[in-house]
Amino acid sequence: MTVSGTKRSQRQEQRLATRYDGRCNPGSGNGWIFKNDVRSDRFSFEAKTTTKKSYPLKLDELLAAEKHALISGREMVFVTEIGGRNWMTVSQDTFDFLVEESGDS
């Protein structure tokens, strides 16, 4: 990743942490204690950013992010920044749980 790519990624992580009352994990979650990029009390965010018009969403990335979130007792949110917007990806199980919890259906 280029320097500008690293800075863009760090800005994305900081914005997520601020918006969802969370903390950025040291080293973007590459350590052995805290995984994924950002954690709040409820969610574990794995954040990706690109300047391209697409991002290849891979099953192994989703499963790894979900595993790390579940181990820490959090719901996984896979965040992809494309075109200056964040797109949040969650499993249908998580989405259904959030809908039921909010009373919206």
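Let's start with strand β4, residues 75–82, which is mostly covered: six of its eight residues are buried, where buried means under 20% relative accessible area with a 1.4 Å probe and protein chains only. Strands here are DSSP runs of E with at least two residues, helices are runs of H or I with at least four, and both are numbered from the N terminus.

Before we go on, this is a predicted model, so to speak of local features we need pLDDT of at least 70, and side-chain atom pairs count only at pLDDT 80 or more, while totals for chains, interfaces and linings use all residues. Residues are numbered from 1 along each chain as its sequence is written, and side-chain values use heavy atoms, with hydrogens and water left out.

Now, the neighbours of β4. On one side, β4 pairs with β3 in the parallel sense over seven bridges; pairing takes at least two DSSP bridges between two strands. Ala 47 has Val 79 as its bridge partner in β4. To get from β3 to β4, the chain passes through helix α2, residues 59–71, in a right-handed β-α-β crossover. Right-handed means the path over the helix runs clockwise when the strands point away from the viewer.

β4 also pairs with β5, residues 85–89, this time antiparallel, over five bridges. The two form a hairpin with two residues between them, and Gly 83 in that turn has a positive phi of about 65°.

Finally, which residue's side chain does Thr 49 reach with a polar contact? That is Glu 81, at 3.2 Å, a polar contact being a pair of N or O atoms within 3.5 Å, one able to donate a hydrogen and the other to accept it, with sequence-adjacent residues counting only if both atoms are side-chain atoms. Thr 49 itself sits in strand β3, residues 43–49, and counts as buried because its relative accessibility is 16%.

Technical notes. Buried means under 20% relative accessible area, exposed over 50%, partly exposed in between (1.4 Å probe, protein chains only).
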